[in-house]
Amino acid sequence: MELTDREYVERSRDGHPEDFGRLVDRYQKPLFSYLAARVGNLPQAEEAAQESFVRAFLSLKKLRKPESFYSWLLGIAGRVAKEQFRLELHQRRDCEVAQTMTTDNDDAKDYPLEEAIAVLPENHRQVIVLRYYEGLSCQEVATRLDMPIGTVTKTLSRAYALLRQELKARERVEQTVNQIQKP
Amino acid sequence: MNCAECRDNLAALAEALLDCNESLQCRAHLETCADCRAEYEAITRLQQRLTARGEAAAAVRIVEPVMRRIHREEYKPERENIMSRLLKYRWGFGLGAAACAAVILSVILLTTPRAEARAVEALAKGAQAAAKLNSIHLRCQLRTVPFDNFAAIMPDQGFVNIELWKQFTPELKWRVEKPGRVALMDGKSTLLFDRHANFAMRLDQPSASAFDTEWLHKMADLSQTLNDELQAIQAHGWPVTVTTESQGGRAKTVVTVEAKSNLPEDDYLKNKFFETTDTRRVYVFDEESELLESVNVTMHGSAGDVSVLEINQIDYNTLIDASVFSIELPADVSWMQKQQSTPGDEKYSNMTAEQSARTFFEACGRGDWNEAGKFTMFPLTDPIKQYLDGLELVSLGTPFGSAVNQDQFVPYNIKFKNGDVKKFNLALRKDEQTGRWLVDGGL
């Protein structure tokens, strides 16, 4: 049976580190996808994803809202990506890094999508992750979460609305920041 | 159908989950309503974005390496001193690692006896010298068997040649090879080929390391490895010594580190892999170039000290021919597929490790390769079938675990068709995809 993020976090803290593996399993793909977009290099994204999970495990006691595990994990991953970028720049000291750390692929730059997924309510997030990152059909999601298929489509529908709302809000913020930064 | 009813159904329409009648009604409404049509298009655009993101991450499987690292971290003693705080959030990339080494060096020089400080200085200089590599080629000898996985150490076996070619720039590529097995990453995908069993596996993405070659990649990432040694020396209080020798008329600095795995002596995986072994590591640096020239690793096992790894040639920044990062596979190679969930899987996923081992061996005994194949990560090729066909399961023991990973080990006693008897432990790993216990080693 699938437990909530809160339950897995609490079990991991209570001396069952194997339950942290369930959280890794649940979020490895969205986290990798987020980091691939941030660092633009797949082996480094995988390395950074591993490092992020390990740091999250070591800091699990500090997580004040266990239900916000994924959002907190993305925060850690963002810092790991920045450290990687900084160290790469130091290592190579030329523009080569800038070329490898960015990409022309628009899909790969789409990391705000994973940030928006992080702020969804947990049941909505779970359905999105299973449907798109685990590649399950709606029927398979319904079986996995033991819910009627109609509930899955309704949850998806609501999740799409929330995601679009969140992405629009982020775009507005970005536009405002860009305007402020214009000389 | 009105706008509210239509919008309620848009997600189901996009998933093709409406029945024929509902779908027709919904589409008819979309034909006439620009607002609902715009809403539907926005949903399908978002679906496309999500699908693209999901597909890009489809091959990622990092549960096992993350949990291995977590288990290792759990065995590290906690030391709340300035050094452990410095080391807690370490990252090691080239000069970054060397810079970190320099910080540690400055602290250690102030706090440790002179001999130890000299050893640490040699390691730190080696880390710095190796920080801007374009490529590296290691030739090693490891006590193991030619066809088993790349990480297994077998002190009672002879030496097997093992080589690593690694290109860092302009694009990361690598190849690890021993007589029975090759793993390579060509910048786009990662491939394993087992010559002995004639099977191959491809990951459709590049990787920094894979197929149990992580330890050798760590060796090749010298600045990181030496930096790790510096950290471990300080964090765990590992004894370290340094001597100066003359070899071939050149002065060499020889640093010896006594490393502890921190695993209990009675753990089954103790002394099976580098990370689980108590070792003496001898690093030889050229004093002029400050580069590492060779490494010898001696295992402190229950049967005494045994030299298990010798890295006797390290080539820095040589041009590696592009053909090294490709391989021609035999036409009849069997491809290793990830186990897929199939109807009736509950029968297997509900089995205990012991029941899985029993079902596997019994299926091999009667040559039921379809059933036996439910429990393997690798294809049952002809050489493997010949090895297992007709075996008789004499007995199974009580399964046990290790602190290193989440595998279960099932003691077994089997009798082969030719009368040979084998008593060993079958390693079984819980498969994330199917929930089955799959054979991970010990055959």
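Residues are numbered from 1 along each chain as its sequence is written, and chains are lettered from A in the order in which they are written. Local features need pLDDT of at least 70 and side-chain atom pairs count only at pLDDT 80 or more, while totals for chains, interfaces and linings use all residues.

**View 1. Chain A is built from helices.** Chain A has 9 helices and 0 strands. Helices are DSSP runs of H or I with at least four residues, strands are runs of E with at least two, and both are numbered from the N terminus. Buried residues make up 42% of the 183 residues in chain A. A residue is buried if 20 or more other C-beta atoms lie within 10 Å of its own, exposed if 12 or fewer, and partly exposed in between, with C-beta atoms placed from the backbone. Take the contacts in chain A between residues at least 6 apart in sequence: 66% of them join residues at least 24 apart. Two residues are in contact if their C-beta atoms, placed from the backbone, lie within 7 Å.

View 2. The mean pLDDT of chain A is 81, and 83% of its residues reach 70 or more. pLDDT is the predictor's confidence in each residue, from 0 to 100. Among the elements of chain A, helix 1 (residues 5–13) has the highest mean pLDDT, 91. Helix 5 (residues 95–101) of chain A has the lowest, 44. Over residues 94–108 of chain A the pLDDT is below 50. Beyond near neighbours in sequence, this stretch has 19 contacts in the model. Where pLDDT is low, the predicted coordinates should not be read in detail.

**View 3. A:Glu134 sits in a loop of chain A.** The loop lies between helix 7 (122–133) and helix 8 (138–145) of chain A. A:Glu134 is partly exposed, because 17 other C-beta atoms lie within 10 Å. Leaving aside neighbours within four places in sequence, A:Glu134 is in contact with A:Lys29 and A:Val129. A:Asp25 is 109 residues from A:Glu134 in sequence, yet the two are 9.9 Å apart in space, C-alpha to C-alpha.

**View 4. Chain B meets chain A.** Here 39 residues of chain B are in contact with 42 residues of chain A. On the chain B side, the elements that give two or more residues are helix 1 (3–14), helix 3 (34–56), helix 4 (63–74) and helix 6 (95–111). Helix 3 of chain B gives the largest share, 10 residues. By class, the chain B side divides into 25 nonpolar, 7 polar and 7 charged residues. Ala, Val, Leu, Ile, Met, Phe, Trp, Tyr, Cys and Pro count as nonpolar, Asp, Glu, Lys and Arg as charged, and the others, Gly among them, as polar.

**View 5. Helix 1 and helix 2 of chain B cross.** The axes of helix 1 and helix 2 (residues 20–32) of chain B come within 10 Å and cross at roughly 115°. Axes are lines fitted to C-alpha atoms, for helices over the stretch in contact, and angles run from 0 to 180 degrees between N-to-C directions. From helix 1 of chain B, B:Cys6, B:Asn9 and B:Leu13 take part. They meet B:Glu22, B:Ser23, B:Cys26 and B:His29 in helix 2 of chain B. This contact has 3 nonpolar, 3 polar and 1 charged residues. B:Leu18 lies in the loop between the two helices. B:Leu18 touches B:Asn9, B:Ala12, B:Leu13, B:Ser23 and B:Cys26, not counting residues up to four places away in sequence.

**View 6. Chain B holds an open sheet of 12 strands**. The strand order is 7-8-9-10-11-1-2-3-4-5-6-12, with mixed pairing. Two strands pair if DSSP finds at least two bridges between them. Strand 7 (240–247) and strand 12 of chain B stand at the edges, each with a single partner strand, so one side of each is left without a neighbour in the sheet. Strand 1 (residues 135–143) and strand 2 (residues 159–167) of chain B run antiparallel, joined by 9 bridges. Within strand 2 of chain B, B:Ile162 stands opposite B:Cys140.

**View 7. Strand 5 and strand 6 of chain B form a hairpin**. Strand 5 (residues 190–194) and strand 6 (residues 199–203) of chain B pair in the antiparallel sense over 5 bridges. B:Phe193 has B:Ala200 as its bridge partner. Between the strands are 4 residues, and B:Asn198 in the turn has a positive phi of about 55°. Strand 6 of chain B also runs parallel to strand 12 (residues 334–335) of chain B, with 2 bridges. There B:Phe199 is the bridge partner of B:Ser334.
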